[in-house]
Amino acid sequence: LGYVEIGPVQQFYSFNPVEGSRVAFGGRTTRLVHPKVRLSGLVAYGVADRQWKWRAGLEYVLERYPWRKFSLSARHDMLQLGQAARTLRQDNILATLLRRYKNYSLAPEHHYQLQYFHEFYAGLSLQGDVGHRALFPNQYVAFLRPDGQEKREIRYTYLGVEFRWKHKEKYFTNYFERQAIGSDYPEITLTSQGAWRGVLWTDYSFLKLRGRVRQKVHLHPVGYAWLLLTGGVILGRVPYPLLELHEGSNTYAISRFGFDRLGFYELLSDRWVSASYEHHFMGFFLNHVPLLRHLKFRELAGIKSVWGAVKPENLGLLQSSHALRGIGTEPYVEAMLGLENILHVLRVDVVWRLTHTTPEERPIPSVRVGLALQF
């Protein structure tokens, strides 16, 4: 609308059993207000819990070539621990429409963060952040001590650093955001985050170290593949909300970087290694089937797995109202077969959970859908 943008519109209405109907309204300024500064905000109200939530942000772009940017954010909102990055948030109307079961695992969070992103040259960057975070229990997510008393909150002030390198990476750039369009080289990301008990309202001392390698592999004439390797370790004694809650999903939407058949608050670790392989055959098989060839469907297959362990002293520090457990000696594994390029925009996967089966998550196929623009 000229000086402001209204949105994100997909978050203006959603529903979950904790908040009930959630209505929200937000917006942000445009370059017409200032070409380097953007303000944003959102307010929301839950009809069932009768609580107001809000988010606010300030961005300042120092340079665009190379990209250098300060961000300041604050939020008082509901949090889903163990949700994979770039998946449907619970306050998205699509998550409401595509959910598989009622999700009672949302809990309040207060989070304040100052972040600085510094690009040395295209593809090589360093990001630093300092922040304070507070997590709170509710009637669905408990923080129970071994003596049965409930811990009222978990607070910590942290410092974090992220190193990322993807050689010769290219981008689409506008005034305030960038979208990577890739390169032929691997993406390497190393992150660390630490806190010290007693410093600036911090309840626990810990150091989290993570590493990730993602690479697109061209396999002509049988298409290409995406290979993703991740791993990490958490040093220190911390309760389950600060451990690695492996990324689950409760919708029928495809989770590219999480596990489609894993539930929230199901598996956790304080040291872990995961691997994901996704092969896009680009019609290598279906192009030989006369009736399907003209539809231009493209087949794909993949497998995801994670192995990890958790120390008993971490697992027993706080009890959850959910059936949390370590992965154990057998890795968690799920496999997928799919079709993409359906009307150029749709992708449909059939996913099997191969290990750690439960009455709710049986080893039978389940369908997932997503958008994947291809031409």
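Leaving out residues up to four places away in sequence, Glu-299 touches His-279, His-280, Phe-281, Met-282, Gly-283, Phe-284, Phe-285, Leu-286, Gly-338 and Leu-339, contact meaning heavy atoms within 4.5 Å. The structure is a predicted model, in which local features need pLDDT of at least 70 and side-chain atom pairs count only at pLDDT 80 or more, while totals for chains, interfaces and linings use all residues. Residues are numbered from 1 along each chain as its sequence is written, and side-chain values use heavy atoms, without hydrogens and water.

Glu-299 is buried but has no salt bridge, the nearest side chain of opposite charge being that of Arg-298, 7.3 Å away. Here, buried denotes under 20% relative accessible area with a 1.4 Å probe, protein chains only, and a salt bridge requires a side-chain nitrogen of Lys or Arg within 4 Å of a carboxyl oxygen of Asp or Glu. A polar atom of the Glu-299 side chain lies 2.7 Å from the backbone nitrogen of Gly-283.

Together with Tyr-265, Phe-143 and Tyr-240 form one aromatic cluster, rings of Phe, Tyr and Trp (its six-membered ring) being paired if their centres lie within 6.5 Å.

Definitions and conventions
Buried < 20%, exposed > 50% of the residue type's maximum accessible area, 1.4 Å probe, protein only. Lys, Arg positive; Asp, Glu negative; His and termini not counted. Polar contact = N/O pair within 3.5 Å; in protein donor to acceptor, adjacent residues only side chain to side chain. Phe/Tyr/Trp six-rings, centres within 6.5 Å; stacked < 30°, edge-to-face > 60°.
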